[in-house]
Amino acid sequence: EIFGTSNVYYLDEVDGARYEVTFGNGTLGRKIEDGNIVLLDYISTNGEASNKAFDFSPTGLVAGQSEAIITTVQASSGGKPRESVAEIKYNAPKYFAAQGRCVTLEDYLTYTRTLVPNLDSLTGWGGEDNDPPRYGDVFVAVKPQNRAFYSYVEKQNIRLQLTERNLVAIRINIVDPDYTFIELTSDIYYKPDATPTPQEIIAQNVHNYIKNFSKGELLTFDRVFRYSSLIADIDAQDISIRNNLTSVRLRKTFIPSIVSENNLDLKTNNTLYLPNQSYVGTLTSTKFSHENDAGSEVANCQFEDLHLGNTVQGRLRVIYVDPNTLEKTIVKSNVGKVHYDTGKIEIQGFRPLSYDNDKLDVFVRPAINDITPVRDQILAILDEDIKITMHAVVDRDGNDPTRNTQTVSSSEN
């Protein structure tokens with residue numbers, strides 16, 4: 001409560017990104033008089049410049065001691081530029097509508113934007129739209145700047161701050177992004193005599209463009225991957241490029257346990273490729289070792305799907321393919337399910353003995369090449385997902401090069 005004798009001041013932003021300090025009028029706060037001395041102390045910040053600071057030194061006494069050891073648990077974060085005019089126009093009406101409480105989904109998102117430092121992207125949905133449904137819950141997915149996830153402590157802090165504004169019996173869930181990676185295999189056909197640029201440089205330029213495409217067009221919630229836009233832009237990277245044939249696979253990654261059975265769902269949220277009832281090859285994976293029914297270890301195994309006729313489901317199984325004869329051996333006939341209509345892969349009772357690198361990748365072929373994310377899903381294209389092969393095309397006999405060509409060399413980036 002403010003009285004006429006309260007020592008208060010008011011801070012307002014005015015034109016030119018400057019601030020104005022005013023004092024009370026004798027009713028709402030003490031009125032200043034002639035001869036009063038006003039001292040203003042303030043902190044001037046440098047926005048993003050202070051992010052990622054990790055080494056700190058004490059500038060004074062700590063608990064009365066002049067010598068103190070500082071252990072940094074987490075690098076500094078939260079610094080960001082001043083809101084733009086467009087951001088203010090977008091956020092201000094939502095802050096006003098929320099009125100300091102969280103009732104609607106938009107209220108939760110509005111206050112998450114306000115409370116969460118270093119926020120890059122967020123989205124939310126009600127429990128009735130969750131998979132599976134969880135009535136009475138609200139979900140807020142958050143992605144930080146310059147890293148993939150917030151820590152558990154940071155997410156708990158967000159949840160507690162939102163709970164303080166929660167006026168109804170709603171359970172708040174702060175969740176991580178669910179990344180789905182897009183693997184691109186591109187065969188690029190170009191005419192060497194149309195450009196002085198070596199094919200290695202052309203391939204690198206295309207690679208860099210795809211990386212920038214991922215950063216600019218993906219990597220946040222609700223960003224759709226548009227296949228036609230990408231392949232058109234690949235053709236435009238050099239005047240010598242005539243066309244490209246680019247295939248798409250989706251990659252989901254997980255770290256399996258080798259001491260206990262793994263039971264989890266991998267969700268691509270997009271329909272999977274299934275051209276006919278007998279088709280095999282929608283799903284595969286990186287290599288791992290697995291025990292067969294006789295109890296022997298089999299190296300270089302991988303996942304494979306087997307469609308169950310007249311349904312939209314398939315069985316997930318473990319196979320081994322002999323690299324010399326290409327003979328296929330079923331190592332484990334059932335380790336889960338594949339839902340072709342929803343793109344969900346259920347892994348059930350799977351326990352590898354070892355696996356390559358530090359993760360296991362599962363690849364699926366989508367039914368269409370435009371990929372739409374759902375809920376907490378974020379699409380991304382990483383360096384390891386870009387595979388480029390250059391094909392130099394020349395005329396055979398000087399006729400129309402669009403109909404009479406041959407591939408004379410290739411190199412993979």
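Me: Where is the place of Tyr19?

Reply: Tyr19 sits in strand β2, which covers residues 18-23. Helices (H or I, at least four residues) and strands (E, at least two) are DSSP runs, numbered from the N terminus. This is a predicted model, in which local features need pLDDT of at least 70 and side-chain atom pairs count only at pLDDT 80 or more, while totals for chains, interfaces and linings use all residues. Residues are numbered from 1 along each chain as its sequence is written, and side-chain values use heavy atoms, leaving out hydrogens and water.

Me: Now the sheets, please. What is the order of the open sheet of three strands?

Reply: Strands of a sheet pair through backbone hydrogen bonds, either parallel or antiparallel. Two strands count as paired if DSSP finds at least two bridges between them. Here the order is β3-β4-β5, with mixed pairing. Both β3 (119-126) and β5 (171-175) are edge strands with a single partner, so one side of each has no neighbour in the sheet. On average, neighbouring strands of this sheet are turned by 20° against each other, direction ignored.

Me: How many bridges join β3 and strand β4?

Reply: Seven bridges join β3 to β4 (residues 137-144), in the antiparallel sense. To pick out one place, look at Trp125, whose bridge partner in β4 is Phe139.

Me: Which strands does helix α2 lie across?

Reply: Helix α2 (residues 105-115) lies across β3, β4 and β5, and runs at about 160° to β3. Helix α3 packs on the sheet too, touching β4 and β5, with its direction at about 150° to that of β5. Such angles run from 0 to 180 degrees between N-to-C directions, with axes fitted to C-alpha atoms, for helices over the stretch in contact.

Me: Is Lys155 buried or exposed?

Reply: Lys155, in helix α3 (residues 152-163), is buried at 13% relative accessible area. Buried means under 20%, exposed over 50%, and partly exposed in between. Apart from neighbours within four places in sequence, Lys155 is in contact (heavy atoms within 4.5 Å) with Tyr150, Ile174 and Asp176.

Me: Which side chain meets Lys155 in a salt bridge?

Reply: A salt bridge is a Lys or Arg side-chain nitrogen within 4 Å of an Asp or Glu carboxyl oxygen. The partner of Lys155 is Asp176, at 2.8 Å from N to O. Asp176 lies in the loop between β5 and β6 (178-190), so the pair ties helix α3 to a part 21 residues apart in sequence. Asp176 itself is partly exposed, at 24%.

Me: How many salt bridges does the count come to?

Reply: The count is 19 salt bridges. One of them joins Asp131 and Lys267, with the closest N and O atoms 3.5 Å apart. Asp131 is in the loop between β3 and β4 and Lys267 is in strand β8, so this pair ties together parts 136 residues apart in sequence.

Me: Where does β8 stand in the open sheet of seven strands?

Reply: The order is β8-β14-β13-β12-β11-β10-β15, with antiparallel pairing. The edge strands are β8 (262-267) and β15 (354-355), each pairing on one side only. Further in, β13 (residues 328-339) and β14 (residues 344-350) pair over four bridges, and the bridge partner of His339 in β14 is Lys344.

Methods
Buried < 20%, exposed > 50% of the residue type's maximum accessible area, 1.4 Å probe, protein only.
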